[in-house]
Amino acid sequence: MTRRSCTARSSEGAGMYKMLVIGFSAGGVPLIKRIVQALPRNYPLAVAVVAHLPEGHESTLAQLLDGIAQLPVSTAKDKDVIVPGLVYLAPPDYHLLVEKNRTHAPSFALSVDGPVKSVRPSIDVLFESAAEAFEGDLIAVLLSGANSDGAAGMAYVKQLGGLSIVQDPLESEFSTMPNAVIQRVKVDYVANIEEIISLLLSVCEVR
Amino acid sequence: MPLVKWKNHNIEDVEVDLMLCALKLRYGYDFTGYARASMKRRLMELSRYFDVKHLSELLSAMLYDEAVAQTVINCISVPTSEFFRDGLVWETVRTCVLPQLDSFPWINIWQIGCGRGEETYTLAILLHEAGLLKKTRIFTSDINPAFLQDARDGCWSRRRMAGWRESYLNSGGRGNFDSYFEVRGEEVAIRDEFKKVIEFIQHNLVEDDVFKEVQFVVCRNVLIYFGDVLQGKVLKLLARSLERGGFLLLGRAEKIFELHEKYPELEGIDDASQLYRKVIGRGGHV
(Lines give C-alpha, C1' and ligand atoms only; values in the text may rest on other atoms or scores of the structure.)
Protein backbone atom coordinates (compact mmCIF):
# COMPACT_ATOMS: atom_id res chain seq x y z
CA MET A 1 0.00 0.00 0.00
CA THR A 2 1.31 3.40 -0.90
CA ARG A 3 0.46 6.14 1.46
CA ARG A 4 0.67 9.22 -0.70
CA SER A 5 0.35 11.81 1.98
CA CYS A 6 -0.11 11.92 5.67
CA THR A 7 -3.71 12.69 6.39
CA ALA A 8 -4.46 9.83 8.70
CA ARG A 9 -6.62 11.35 11.34
CA SER A 10 -4.91 12.74 14.35
CA SER A 11 -6.42 11.71 17.64
CA GLU A 12 -9.00 14.48 17.87
CA GLY A 13 -10.52 13.62 14.50
CA ALA A 14 -10.26 9.86 14.74
CA GLY A 15 -13.43 7.89 14.33
CA MET A 16 -15.43 10.85 13.19
CA TYR A 17 -15.96 9.68 9.64
CA LYS A 18 -19.65 9.64 8.85
CA MET A 19 -19.97 8.61 5.26
CA LEU A 20 -18.28 6.29 2.79
CA VAL A 21 -18.80 6.74 -0.95
CA ILE A 22 -17.62 4.16 -3.46
CA GLY A 23 -17.50 4.36 -7.24
CA PHE A 24 -16.58 1.86 -9.91
CA SER A 25 -17.35 0.73 -13.42
CA ALA A 26 -15.99 -2.22 -15.41
CA GLY A 27 -14.39 -4.90 -13.24
CA GLY A 28 -15.76 -3.51 -9.99
CA VAL A 29 -18.56 -5.93 -9.12
CA PRO A 30 -16.36 -8.62 -7.49
CA LEU A 31 -14.64 -5.86 -5.50
CA ILE A 32 -17.78 -4.26 -4.16
CA LYS A 33 -19.00 -7.71 -3.18
CA ARG A 34 -15.86 -8.23 -1.10
CA ILE A 35 -16.10 -4.81 0.51
CA VAL A 36 -19.76 -5.08 1.36
CA GLN A 37 -19.28 -8.60 2.73
CA ALA A 38 -16.52 -7.36 5.01
CA LEU A 39 -18.42 -4.48 6.58
CA PRO A 40 -19.68 -5.52 10.02
CA ARG A 41 -23.23 -5.22 11.25
CA ASN A 42 -22.36 -2.27 13.49
CA TYR A 43 -20.48 -0.32 10.81
CA PRO A 44 -20.73 3.32 11.88
CA LEU A 45 -20.74 4.95 8.44
CA ALA A 46 -23.47 5.33 5.85
CA VAL A 47 -22.30 3.82 2.55
CA ALA A 48 -23.32 5.07 -0.89
CA VAL A 49 -22.32 3.28 -4.08
CA VAL A 50 -22.36 4.46 -7.68
CA ALA A 51 -21.75 1.76 -10.26
CA HIS A 52 -21.78 2.01 -14.03
CA LEU A 53 -23.40 -1.19 -15.12
CA PRO A 54 -24.77 -2.38 -18.41
CA GLU A 55 -28.43 -1.47 -18.83
CA GLY A 56 -30.71 -3.98 -17.17
CA HIS A 57 -28.08 -5.21 -14.70
CA GLU A 58 -28.29 -2.34 -12.27
CA SER A 59 -31.23 -3.49 -10.25
CA THR A 60 -29.83 -6.96 -9.74
CA LEU A 61 -26.75 -5.53 -8.01
CA ALA A 62 -28.86 -4.38 -5.05
CA GLN A 63 -30.30 -7.87 -4.64
CA LEU A 64 -26.91 -9.48 -5.09
CA LEU A 65 -25.31 -7.28 -2.43
CA ASP A 66 -28.25 -7.50 -0.07
CA GLY A 67 -27.92 -11.29 -0.17
CA ILE A 68 -24.30 -11.28 1.01
CA ALA A 69 -24.03 -8.13 3.16
CA GLN A 70 -24.38 -7.94 6.92
CA LEU A 71 -25.70 -4.39 6.51
CA PRO A 72 -29.06 -3.70 4.87
CA VAL A 73 -28.63 -2.76 1.21
CA SER A 74 -31.20 -0.76 -0.71
CA THR A 75 -31.61 1.47 -3.72
CA ALA A 76 -31.59 5.10 -2.64
CA LYS A 77 -34.88 6.93 -2.97
CA ASP A 78 -35.25 10.67 -3.37
CA LYS A 79 -35.16 12.50 0.02
CA ASP A 80 -34.04 9.40 1.96
CA VAL A 81 -32.37 10.61 5.15
CA ILE A 82 -28.83 9.21 5.21
CA VAL A 83 -28.63 6.67 8.02
CA PRO A 84 -25.34 5.24 9.37
CA GLY A 85 -24.95 1.49 8.89
CA LEU A 86 -27.00 1.33 5.71
CA VAL A 87 -25.73 0.72 2.18
CA TYR A 88 -27.40 2.72 -0.57
CA LEU A 89 -27.04 2.17 -4.29
CA ALA A 90 -27.69 4.84 -6.90
CA PRO A 91 -30.87 3.93 -8.77
CA PRO A 92 -30.32 3.05 -12.41
CA ASP A 93 -30.35 6.01 -14.77
CA TYR A 94 -30.50 8.66 -12.02
CA HIS A 95 -27.69 10.78 -10.60
CA LEU A 96 -27.38 10.33 -6.86
CA LEU A 97 -26.55 13.45 -4.86
CA VAL A 98 -26.16 14.31 -1.21
CA GLU A 99 -28.26 17.25 -0.08
CA LYS A 100 -26.54 19.25 2.70
CA ASN A 101 -29.76 20.56 4.25
CA ARG A 102 -29.39 23.62 6.43
CA THR A 103 -31.79 22.61 9.15
CA HIS A 104 -31.48 18.84 9.34
CA ALA A 105 -29.17 15.91 8.63
CA PRO A 106 -28.01 15.29 5.06
CA SER A 107 -30.32 13.33 2.78
CA PHE A 108 -30.13 11.90 -0.71
CA ALA A 109 -31.42 13.69 -3.77
CA LEU A 110 -31.81 12.39 -7.29
CA SER A 111 -31.69 14.03 -10.67
CA VAL A 112 -32.23 13.05 -14.27
CA ASP A 113 -29.97 15.82 -15.53
CA GLY A 114 -27.91 14.82 -18.54
CA PRO A 115 -25.06 12.32 -18.28
CA VAL A 116 -21.79 13.59 -16.78
CA LYS A 117 -18.68 12.15 -18.46
CA SER A 118 -21.26 10.35 -20.60
CA VAL A 119 -22.64 8.34 -17.66
CA ARG A 120 -25.64 8.50 -15.37
CA PRO A 121 -25.36 7.87 -12.50
CA SER A 122 -22.05 9.72 -12.35
CA ILE A 123 -19.46 9.12 -9.63
CA ASP A 124 -18.35 12.75 -9.86
CA VAL A 125 -21.85 13.95 -9.03
CA LEU A 126 -22.07 11.78 -5.90
CA PHE A 127 -18.51 12.47 -4.72
CA GLU A 128 -18.74 16.23 -5.22
CA SER A 129 -22.05 16.62 -3.44
CA ALA A 130 -21.00 14.27 -0.63
CA ALA A 131 -17.76 16.22 -0.21
CA GLU A 132 -19.68 19.44 0.34
CA ALA A 133 -22.05 17.84 2.82
CA PHE A 134 -19.49 15.86 4.83
CA GLU A 135 -16.18 17.62 4.14
CA GLY A 136 -13.56 15.94 6.37
CA ASP A 137 -16.01 13.30 7.60
CA LEU A 138 -16.06 11.59 4.22
CA ILE A 139 -14.16 8.60 2.87
CA ALA A 140 -14.16 8.13 -0.90
CA VAL A 141 -13.05 4.94 -2.62
CA LEU A 142 -12.57 4.50 -6.35
CA LEU A 143 -12.18 1.02 -7.81
CA SER A 144 -11.68 -0.58 -11.20
CA GLY A 145 -13.17 1.15 -14.22
CA ALA A 146 -12.73 1.98 -17.86
CA ASN A 147 -13.44 5.71 -18.00
CA SER A 148 -12.40 8.83 -16.16
CA ASP A 149 -15.55 9.45 -14.11
CA GLY A 150 -14.68 9.98 -10.46
CA ALA A 151 -11.40 11.85 -10.94
CA ALA A 152 -12.94 15.30 -10.55
CA GLY A 153 -15.05 14.09 -7.65
CA MET A 154 -12.05 12.62 -5.87
CA ALA A 155 -10.12 15.86 -6.33
CA TYR A 156 -12.95 17.70 -4.60
CA VAL A 157 -13.15 15.17 -1.77
CA LYS A 158 -9.45 15.68 -1.16
CA GLN A 159 -9.74 19.45 -1.39
CA LEU A 160 -12.46 19.53 1.27
CA GLY A 161 -10.51 17.32 3.65
CA GLY A 162 -12.01 13.88 3.04
CA LEU A 163 -9.99 10.66 2.94
CA SER A 164 -9.25 9.54 -0.63
CA ILE A 165 -8.52 5.91 -1.48
CA VAL A 166 -7.90 4.46 -4.93
CA GLN A 167 -7.44 0.89 -5.97
CA ASP A 168 -3.91 0.25 -7.19
CA PRO A 169 -4.12 0.38 -11.01
CA LEU A 170 -1.76 -2.60 -11.20
CA GLU A 171 -4.32 -4.61 -9.26
CA SER A 172 -7.36 -3.32 -11.14
CA GLU A 173 -8.94 -5.30 -13.92
CA PHE A 174 -9.55 -1.99 -15.70
CA SER A 175 -7.01 0.64 -14.71
CA THR A 176 -8.26 3.70 -16.64
CA MET A 177 -10.36 4.98 -13.79
CA PRO A 178 -7.78 4.55 -10.99
CA ASN A 179 -5.07 6.00 -13.24
CA ALA A 180 -7.20 9.02 -14.11
CA VAL A 181 -7.53 9.78 -10.42
CA ILE A 182 -3.90 9.24 -9.56
CA GLN A 183 -2.81 11.53 -12.37
CA ARG A 184 -5.09 14.26 -11.12
CA VAL A 185 -5.09 13.97 -7.34
CA LYS A 186 -2.50 13.24 -4.69
CA VAL A 187 -4.74 10.66 -3.07
CA ASP A 188 -4.18 9.49 0.49
CA TYR A 189 -3.95 5.79 -0.31
CA VAL A 190 -3.26 3.70 -3.39
CA ALA A 191 -4.05 0.22 -2.21
CA ASN A 192 -5.07 -3.29 -3.16
CA ILE A 193 -8.50 -4.59 -2.24
CA GLU A 194 -7.39 -6.29 1.01
CA GLU A 195 -5.74 -3.08 2.16
CA ILE A 196 -8.77 -1.03 1.19
CA ILE A 197 -10.96 -3.31 3.28
CA SER A 198 -8.69 -3.08 6.30
CA LEU A 199 -8.62 0.72 5.96
CA LEU A 200 -12.39 0.81 5.90
CA LEU A 201 -12.59 -1.48 8.90
CA SER A 202 -10.01 0.47 10.88
CA VAL A 203 -12.57 3.26 11.00
CA CYS A 204 -14.62 1.27 13.49
CA GLU A 205 -11.68 0.22 15.63
CA VAL A 206 -10.75 3.73 16.61
CA ARG A 207 -14.18 4.34 18.05
CA MET B 1 -18.44 40.82 15.05
CA PRO B 2 -15.22 39.26 13.79
CA LEU B 3 -15.46 38.09 10.20
CA VAL B 4 -14.78 34.38 9.84
CA LYS B 5 -13.25 32.66 6.84
CA TRP B 6 -15.63 30.36 5.00
CA LYS B 7 -14.99 27.51 2.63
CA ASN B 8 -15.79 28.43 -0.96
CA HIS B 9 -18.59 25.92 -1.32
CA ASN B 10 -20.47 27.57 1.53
CA ILE B 11 -20.04 30.96 -0.09
CA GLU B 12 -21.30 29.50 -3.36
CA ASP B 13 -24.48 28.48 -1.53
CA VAL B 14 -25.03 32.14 -0.71
CA GLU B 15 -24.50 32.98 -4.38
CA VAL B 16 -27.10 30.39 -5.35
CA ASP B 17 -29.55 31.99 -2.92
CA LEU B 18 -28.85 35.43 -4.39
CA MET B 19 -29.44 34.19 -7.94
CA LEU B 20 -32.73 32.55 -6.98
CA CYS B 21 -33.82 35.62 -5.06
CA ALA B 22 -33.05 37.84 -8.06
CA LEU B 23 -34.99 35.58 -10.43
CA LYS B 24 -37.97 35.65 -8.11
CA LEU B 25 -38.01 39.41 -7.45
CA ARG B 26 -37.12 40.55 -10.94
CA TYR B 27 -38.81 37.96 -13.18
CA GLY B 28 -41.37 36.23 -10.98
CA TYR B 29 -39.80 32.81 -11.45
CA ASP B 30 -39.69 31.26 -8.00
CA PHE B 31 -37.14 28.46 -7.75
CA THR B 32 -36.37 29.09 -4.07
CA GLY B 33 -38.15 25.92 -2.96
CA TYR B 34 -36.13 23.70 -5.30
CA ALA B 35 -33.73 21.03 -4.03
CA ARG B 36 -30.35 22.69 -3.72
CA ALA B 37 -27.76 20.09 -4.68
CA SER B 38 -28.85 19.67 -8.30
CA MET B 39 -29.82 23.35 -8.57
CA LYS B 40 -26.29 24.27 -7.56
CA ARG B 41 -24.80 21.88 -10.10
CA ARG B 42 -26.81 23.50 -12.86
CA LEU B 43 -25.91 27.02 -11.80
CA MET B 44 -22.21 26.20 -11.42
CA GLU B 45 -22.38 24.71 -14.91
CA LEU B 46 -23.79 28.03 -16.05
CA SER B 47 -20.95 30.01 -14.50
CA ARG B 48 -18.55 27.90 -16.56
CA TYR B 49 -20.68 28.53 -19.67
CA PHE B 50 -20.53 32.29 -19.11
CA ASP B 51 -16.88 31.95 -18.10
CA VAL B 52 -17.14 33.83 -14.82
CA LYS B 53 -15.05 33.02 -11.79
CA HIS B 54 -17.89 33.39 -9.32
CA LEU B 55 -21.56 32.76 -9.90
CA SER B 56 -22.51 36.09 -8.36
CA GLU B 57 -20.75 37.89 -11.22
CA LEU B 58 -23.78 36.90 -13.30
CA LEU B 59 -26.16 38.75 -11.00
CA SER B 60 -26.15 42.17 -12.64
CA ALA B 61 -26.20 40.74 -16.17
CA MET B 62 -29.15 38.60 -15.21
CA LEU B 63 -31.01 41.48 -13.58
CA TYR B 64 -30.56 43.91 -16.47
CA ASP B 65 -30.48 41.62 -19.50
CA GLU B 66 -33.58 39.52 -20.15
CA ALA B 67 -31.69 37.33 -22.63
CA VAL B 68 -29.21 36.31 -19.95
CA ALA B 69 -32.07 35.67 -17.55
CA GLN B 70 -33.81 33.50 -20.13
CA THR B 71 -30.65 31.44 -20.54
CA VAL B 72 -30.46 30.98 -16.78
CA ILE B 73 -34.14 30.01 -16.54
CA ASN B 74 -33.80 27.53 -19.41
CA CYS B 75 -30.77 26.02 -17.77
CA ILE B 76 -32.51 25.65 -14.42
CA SER B 77 -35.68 24.15 -15.84
CA VAL B 78 -33.97 22.03 -18.49
CA PRO B 79 -36.10 19.08 -19.49
CA THR B 80 -34.84 15.58 -19.96
CA SER B 81 -37.14 12.92 -21.24
CA GLU B 82 -37.36 10.06 -23.64
CA PHE B 83 -40.04 8.01 -25.31
CA PHE B 84 -41.04 5.08 -23.08
CA ARG B 85 -38.25 5.78 -20.56
CA ASP B 86 -38.54 2.91 -18.03
CA GLY B 87 -40.39 0.43 -20.23
CA LEU B 88 -41.75 -1.57 -17.31
CA VAL B 89 -43.50 1.48 -15.89
CA TRP B 90 -45.40 1.97 -19.13
CA GLU B 91 -46.28 -1.69 -19.19
CA THR B 92 -47.93 -1.14 -15.80
CA VAL B 93 -49.80 1.82 -17.25
CA ARG B 94 -50.97 -0.36 -20.14
CA THR B 95 -52.17 -3.18 -17.95
CA CYS B 96 -53.24 -1.42 -14.73
CA VAL B 97 -54.30 2.11 -15.54
CA LEU B 98 -55.71 2.21 -19.05
CA PRO B 99 -58.38 -0.49 -18.56
CA GLN B 100 -59.62 1.44 -15.51
CA LEU B 101 -59.64 4.73 -17.40
CA ASP B 102 -61.74 3.09 -20.07
CA SER B 103 -64.64 2.98 -17.63
CA PHE B 104 -64.88 6.78 -17.75
CA PRO B 105 -66.95 8.26 -20.58
CA TRP B 106 -64.34 10.93 -21.17
CA ILE B 107 -60.69 10.81 -20.08
CA ASN B 108 -58.64 13.81 -18.94
CA ILE B 109 -54.94 13.36 -18.29
CA TRP B 110 -52.53 15.92 -16.86
CA GLN B 111 -48.89 15.36 -17.64
CA ILE B 112 -46.52 17.69 -15.84
CA GLY B 113 -43.15 18.83 -17.13
CA CYS B 114 -43.60 18.47 -20.86
CA GLY B 115 -39.89 18.22 -21.68
CA ARG B 116 -39.70 18.24 -25.43
CA GLY B 117 -42.89 16.23 -25.64
CA GLU B 118 -41.40 12.74 -25.48
CA GLU B 119 -43.42 11.61 -22.50
CA THR B 120 -46.58 13.40 -23.62
CA TYR B 121 -46.57 11.59 -26.93
CA THR B 122 -45.66 8.35 -25.17
CA LEU B 123 -49.01 8.68 -23.40
CA ALA B 124 -50.78 9.50 -26.65
CA ILE B 125 -49.30 6.39 -28.29
CA LEU B 126 -50.38 4.20 -25.38
CA LEU B 127 -53.92 5.58 -25.53
CA HIS B 128 -54.01 5.10 -29.27
CA GLU B 129 -52.96 1.47 -28.95
CA ALA B 130 -55.61 0.92 -26.28
CA GLY B 131 -58.24 2.47 -28.55
CA LEU B 132 -58.85 5.30 -26.07
CA LEU B 133 -57.29 8.25 -27.86
CA LYS B 134 -60.56 9.52 -29.33
CA LYS B 135 -62.15 10.08 -25.95
CA THR B 136 -59.06 11.54 -24.30
CA ARG B 137 -57.69 15.01 -23.68
CA ILE B 138 -54.08 15.27 -22.54
CA PHE B 139 -53.07 18.49 -20.81
CA THR B 140 -49.32 18.88 -20.73
CA SER B 141 -47.85 21.69 -18.71
CA ASP B 142 -44.52 23.34 -18.12
CA ILE B 143 -43.37 26.56 -16.54
CA ASN B 144 -41.22 27.35 -19.54
CA PRO B 145 -43.00 28.48 -22.77
CA ALA B 146 -39.92 27.60 -24.82
CA PHE B 147 -40.26 23.93 -23.87
CA LEU B 148 -43.99 23.96 -24.57
CA GLN B 149 -43.24 25.19 -28.06
CA ASP B 150 -40.66 22.45 -28.59
CA ALA B 151 -43.14 19.87 -27.37
CA ARG B 152 -45.81 21.25 -29.68
CA ASP B 153 -43.40 20.99 -32.63
CA GLY B 154 -42.75 17.34 -31.77
CA CYS B 155 -39.52 16.88 -33.74
CA TRP B 156 -36.41 15.04 -32.63
CA SER B 157 -33.16 13.78 -34.10
CA ARG B 158 -33.52 10.50 -35.97
CA ARG B 159 -30.55 9.10 -34.10
CA ARG B 160 -32.61 8.79 -30.95
CA MET B 161 -35.12 6.43 -32.54
CA ALA B 162 -33.13 3.24 -32.00
CA GLY B 163 -33.08 3.64 -28.23
CA TRP B 164 -36.72 4.68 -28.08
CA ARG B 165 -37.80 1.74 -30.24
CA GLU B 166 -36.12 -0.59 -27.78
CA SER B 167 -37.80 1.08 -24.80
CA TYR B 168 -41.12 0.83 -26.62
CA LEU B 169 -40.65 -2.92 -27.01
CA ASN B 170 -39.67 -3.19 -23.32
CA SER B 171 -42.97 -1.54 -22.44
CA GLY B 172 -44.83 -4.36 -24.12
CA GLY B 173 -45.48 -2.36 -27.29
CA ARG B 174 -46.60 -4.61 -30.11
CA GLY B 175 -47.25 -2.03 -32.78
CA ASN B 176 -44.89 -0.49 -35.31
CA PHE B 177 -43.23 2.31 -33.32
CA ASP B 178 -41.72 3.94 -36.40
CA SER B 179 -45.12 4.23 -38.04
CA TYR B 180 -46.10 6.89 -35.48
CA PHE B 181 -43.52 9.27 -36.94
CA GLU B 182 -42.76 10.95 -40.23
CA VAL B 183 -39.16 11.18 -41.32
CA ARG B 184 -38.08 14.70 -42.29
CA GLY B 185 -34.45 14.59 -43.32
CA GLU B 186 -32.41 14.02 -40.21
CA GLU B 187 -35.44 14.47 -37.98
CA VAL B 188 -38.52 12.53 -37.08
CA ALA B 189 -41.83 14.25 -36.36
CA ILE B 190 -44.73 12.77 -34.45
CA ARG B 191 -47.83 12.34 -36.63
CA ASP B 192 -50.49 15.04 -36.32
CA GLU B 193 -53.18 12.66 -35.08
CA PHE B 194 -51.29 12.40 -31.78
CA LYS B 195 -51.08 16.17 -31.41
CA LYS B 196 -54.78 16.78 -31.81
CA VAL B 197 -55.67 15.48 -28.36
CA ILE B 198 -53.00 17.49 -26.55
CA GLU B 199 -53.30 20.94 -24.98
CA PHE B 200 -50.06 22.69 -24.10
CA ILE B 201 -50.44 24.79 -21.00
CA GLN B 202 -48.09 27.11 -19.18
CA HIS B 203 -48.52 26.18 -15.54
CA ASN B 204 -46.28 26.70 -12.54
CA LEU B 205 -46.65 24.12 -9.80
CA VAL B 206 -45.10 26.55 -7.32
CA GLU B 207 -47.73 29.26 -7.74
CA ASP B 208 -50.67 28.00 -9.76
CA ASP B 209 -53.45 25.83 -8.42
CA VAL B 210 -55.48 22.95 -9.81
CA PHE B 211 -56.77 23.93 -13.22
CA LYS B 212 -58.84 20.88 -14.03
CA GLU B 213 -60.03 17.67 -12.44
CA VAL B 214 -58.46 14.71 -14.21
CA GLN B 215 -58.41 10.92 -13.95
CA PHE B 216 -54.69 10.46 -14.44
CA VAL B 217 -51.79 12.68 -13.35
CA VAL B 218 -48.36 11.87 -14.74
CA CYS B 219 -45.61 13.75 -12.90
CA ARG B 220 -42.38 11.85 -13.40
CA ASN B 221 -39.04 13.14 -12.19
CA VAL B 222 -40.33 16.60 -11.45
CA LEU B 223 -40.67 16.29 -7.68
CA ILE B 224 -37.01 15.22 -7.29
CA TYR B 225 -36.08 18.79 -8.16
CA PHE B 226 -38.19 20.21 -5.33
CA GLY B 227 -37.23 20.58 -1.68
CA ASP B 228 -39.27 18.81 1.03
CA VAL B 229 -41.70 21.64 1.69
CA LEU B 230 -42.47 22.40 -1.93
CA GLN B 231 -42.70 18.69 -2.67
CA GLY B 232 -45.36 18.26 0.01
CA LYS B 233 -47.33 21.22 -1.22
CA VAL B 234 -47.25 20.04 -4.82
CA LEU B 235 -48.25 16.49 -3.91
CA LYS B 236 -51.32 17.89 -2.18
CA LEU B 237 -52.11 19.85 -5.32
CA LEU B 238 -51.75 16.75 -7.49
CA ALA B 239 -54.01 14.76 -5.17
CA ARG B 240 -56.60 17.53 -5.32
CA SER B 241 -56.48 17.46 -9.11
CA LEU B 242 -57.48 13.80 -9.19
CA GLU B 243 -60.99 12.54 -9.46
CA ARG B 244 -61.75 9.75 -6.98
CA GLY B 245 -60.43 6.51 -8.43
CA GLY B 246 -57.94 8.45 -10.55
CA PHE B 247 -54.26 7.51 -10.80
CA LEU B 248 -51.03 9.33 -10.02
CA LEU B 249 -47.78 8.23 -11.61
CA LEU B 250 -44.46 9.52 -10.21
CA GLY B 251 -40.88 8.80 -11.30
CA ARG B 252 -39.51 5.32 -10.60
CA ALA B 253 -37.13 6.48 -7.85
CA GLU B 254 -39.50 8.98 -6.30
CA LYS B 255 -41.44 7.97 -3.25
CA ILE B 256 -44.13 9.51 -1.10
CA PHE B 257 -42.93 9.32 2.51
CA GLU B 258 -45.55 8.93 5.24
CA LEU B 259 -48.22 8.25 2.65
CA HIS B 260 -50.94 7.23 5.09
CA GLU B 261 -50.29 10.02 7.57
CA LYS B 262 -49.89 12.88 5.12
CA TYR B 263 -51.90 11.80 2.09
CA PRO B 264 -54.75 9.60 3.30
CA GLU B 265 -56.55 10.36 0.05
CA LEU B 266 -53.92 8.34 -1.85
CA GLU B 267 -53.08 4.65 -1.78
CA GLY B 268 -50.04 2.93 -3.25
CA ILE B 269 -50.79 0.62 -6.18
CA ASP B 270 -47.37 -0.37 -7.48
CA ASP B 271 -44.12 0.45 -5.72
CA ALA B 272 -41.78 -0.38 -8.62
CA SER B 273 -43.43 2.16 -10.92
CA GLN B 274 -44.54 4.53 -8.13
CA LEU B 275 -48.18 4.36 -9.11
CA TYR B 276 -50.82 5.70 -6.69
CA ARG B 277 -54.58 5.93 -6.75
CA LYS B 278 -56.99 8.35 -5.15
CA VAL B 279 -59.26 6.36 -2.87
CA ILE B 280 -62.87 5.99 -3.88
CA GLY B 281 -65.39 6.29 -1.02
CA ARG B 282 -64.37 7.34 2.51
CA GLY B 283 -65.52 10.94 2.18
CA GLY B 284 -64.09 13.88 4.05
CA HIS B 285 -60.41 13.23 3.57
CA VAL B 286 -59.84 15.54 0.66
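1. Conventions. Residues are numbered from 1 along each chain as its sequence is written, and chains are lettered from A in the order in which they are written. As the model is predicted, local features need pLDDT of at least 70 and side-chain atom pairs count only at pLDDT 80 or more, while totals for chains, interfaces and linings use all residues.

2. Chain A overall. The secondary structure of chain A comes to 6 helices and 10 strands; helices (H or I, at least four residues) and strands (E, at least two) are DSSP runs, numbered from the N terminus. Of the 207 residues in chain A, 53% are buried. A residue is buried if 20 or more other C-beta atoms lie within 10 Å of its own, exposed if 12 or fewer, and partly exposed in between, with C-beta atoms placed from the backbone. Among contacts in chain A with a separation of 6 or more, 73% are between residues 24 or more positions apart; two residues are in contact if their C-beta atoms, placed from the backbone, lie within 7 Å.

3. Helix α6 of chain A. This helix (residues 193-205) has 13 residues and spans 19 Å from its first C-alpha to its last, close to the 18 Å expected; the expected span is 1.5 Å times one less than the number of residues. Its buried residues are Ile196(A), Leu200(A) and Val203(A). They lie on the same side of α6(A) because they cover an arc of only 40° around the axis, the arc being that of the directions from the helix axis to the C-beta atoms. An α-helix has 3.6 residues a turn, so residues three or four places apart point the same way. The face turned away from the buried side carries the exposed residues Glu194(A), Ser202(A) and Glu205(A). Among the elements covering the buried residues of α6(A) are β2 (19-24), α1 (29-38) and β10 (189-191) of chain A.

4. Backbone points in chain A. The peptide bond from Arg120(A) to Pro121(A) is cis, with omega near 5°. Pro121(A) lies in the loop between β7 (107-111) and α3 (123-134) of chain A. Asn101(A), in the loop between β6 (95-99) and β7 of chain A, has a positive phi of about 60° although it is not a glycine.

5. Strand β7 of chain B. In this strand (residues 214-219), 6 of the 6 residues are buried, so β7(B) is largely enclosed by the rest of the structure. Strand β1 (residues 107-112) of chain B runs parallel to β7(B), joined by 3 bridges; two strands pair if DSSP finds at least two bridges between them. Ile109(B) has Phe216(B) as its bridge partner in β7(B). Strand β8 (residues 242-250) of chain B also pairs with β7(B) in the parallel sense, over 5 bridges, and Val218(B) has Leu249(B) as its partner in β8(B).

6. Glu258 of chain B. Glu258(B) has a positive phi of about 50° although it is not a glycine. Its place is in the loop between β8 and α11 (259-262) of chain B.

7. Contact between the chains. 15 residues of chain B are in contact with 16 residues of chain A. Helix α2 (residues 36-49) of chain B gives the largest share of the side of chain B that touches chain A, 5 residues.
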